[in-house]
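This briefing covers selected local features, grouped by topic. Please keep the sequence and the 3D view open while reading.

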Amino acid sequence: MSEVRRVPLSKINSIITENYLKNTKENLYFERKRAKVSIQDLANEIASFSNANGGVIAVGITDDGKIEGFNNYGINKLNDFQKVITNYLSPTPNYKTELIEVENIKNEKDNILLFHIEPALKFIVRNNKDEVYLRQGDSSIKLNAEQVRSLEYEKRERNFESEVLNMSSTDDIDLEVMEIYKDKIGATNLSNEQVLKARGFLVEDNGKLCFTKAGMLLFGKNPSVYLPSARVRVLKFEGINFQVGTEMNIVKDRTFDKCLYKTLEEARDFINSQLREFTHLNQNGIFETVPEYPEFAWY
């Protein structure tokens, strides 16, 4: 039995030795694939690494670390694998391929193929079926629509704030807040629509003006109609432990769901009203009243 070599096999990544390929457990950054793997499955694996943190896929090695190589599958299979990314993935991830000469389990001269994959930082790599895969632990997971959307936000491929709420309209504008805003920026001579369009908070969609999500949060009368989680809930309860059911100890429960400007102001005023105040004689001999918790600490 030949000794497992610990000298680097790869010119791209020095940690890739024969020992590494055979004995390292598959993980977030490393995967083995037999040469008989389908091109589609290999494409999905490459995409999953690119959408995560990158890594190395070694093709021609069994799951238990035996170097099988490509001799049994022919040169065409090897050539197809080297074209898998351009034919099956879009956009093209940042990667390098490396053909390594090895001795297979039959003691024959053979090859394995290494894919060195860099993470895609600003886009999502999709396969030819428009599916998205992501490396998680030692597995590649196909993402559902909600998971894809979360990844789009993470990669900044999709901008939450600029998405259009196509059911909204100019009727949703909080006129009071608009007047405050226009006064602050010196634009009282302009219409509400002009100001909001100029800053990308109102956009035209199918012939009508609609709010973006950012616009709705900042200037909408009732943002939670379109964005249900856009609210602040303040709970006050007796004691130091929150109780439910028959022992529920809530003494105040208020929800604030207007635009951000009003929500922050109203929530701040309400919380201040629920805090105790303490009066003491300061070093100058003057009575001073201070809140239970200073506003700067919680606001």
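A polar atom of the Lys182 side chain lies 2.9 Å from the backbone oxygen of Leu190. A polar contact is a pair of N or O atoms within 3.5 Å; within protein, one must be able to donate a hydrogen and the other to accept it, and residues adjacent in sequence count only if both atoms are side-chain atoms. The model is predicted: local features need pLDDT of at least 70, side-chain atom pairs count only at pLDDT 80 or more, and totals for chains, interfaces and linings use all residues. Residues are numbered from 1 along each chain as its sequence is written, and side-chain values use heavy atoms, with hydrogens and water left out.

- Lys182 sits in helix 6, residues 175-185. Helices (H or I, at least four residues) and strands (E, at least two) are DSSP runs, numbered from the N terminus.
- Lys182 is buried, at 5% relative accessible area. Buried means under 20%, exposed over 50%, and partly exposed in between (1.4 Å probe, protein chains only).
- Beyond its neighbours within four places in sequence, Lys182 is in contact with Ala187, Thr188, Leu190, Ser191, Asn192 and Val195. Contact means heavy atoms within 4.5 Å.

**Pro119**

- Pro119 belongs to the loop between strand 5 (109-117) and strand 6 (126-127).
- Its relative accessibility is 29%, so Pro119 counts as partly exposed.
- Leaving aside neighbours within four places in sequence, Pro119 is in contact with Ser50, Ala52, Asn53 and Gly54.

**Backbone geometry**

- Most residues other than glycine have a negative phi, and most peptide bonds are trans.
- The peptide bond joining Ser90 and Pro91 is cis, with omega about -10°. Pro91 lies in the loop between strand 3 (89-90) and strand 4 (95-103).
- Asn107 has a positive phi, near 65°. Asn107 is in the loop between strand 4 and strand 5, and is exposed at 58% relative accessibility.
- Asn206 also has a positive phi, near 55°. Asn206 falls in the loop between strand 9 (202-205) and strand 10 (208-211). Its relative accessibility of 77% makes Asn206 exposed.

**Nonpolar surface patch**

- Leu235, Phe237, Phe242, Val244 and Met248 make a nonpolar surface patch of about 450 Å².
- Patches are made of residues with over 30% relative accessible area and no salt bridge; like charges are joined within 9 Å, nonpolar side chains (Val, Leu, Ile, Met, Phe, Trp, Tyr) within 5 Å. A salt bridge is a side-chain nitrogen of Lys or Arg within 4 Å of a carboxyl oxygen of Asp or Glu.
- Met248 is in the loop between strand 11 (232-237) and strand 12 (250-256). Met248 is partly exposed, at 48% relative accessible area.

**Aromatic pairs**

- The structure holds eight aromatic pairs. Rings of Phe, Tyr and Trp (its six-membered ring) pair if their centres lie within 6.5 Å; planes under 30 degrees apart count as stacked, over 60 as edge-to-face and the rest as tilted.
- Phe70 and Phe81 pair edge-to-face, 5.9 Å centre to centre with 70° between the planes. Phe70 lies in the loop between strand 2 (55-59) and helix 3 (75-82) and Phe81 in helix 3, so the pair ties together parts 11 residues apart in sequence. Both Phe70 and Phe81 are buried.
- The ring centres of Trp298 and Tyr299 are 6.0 Å apart and their planes at 85°, so this pair is edge-to-face. Trp298 is partly exposed at 25%; Tyr299 is partly exposed at 49%.
- Tyr181, Phe201 and Phe219 are linked into a cluster by ring pairs.

Key. Areas by Shrake-Rupley, 256 points an atom, 1.4 Å probe, with all protein chains shown as cover.
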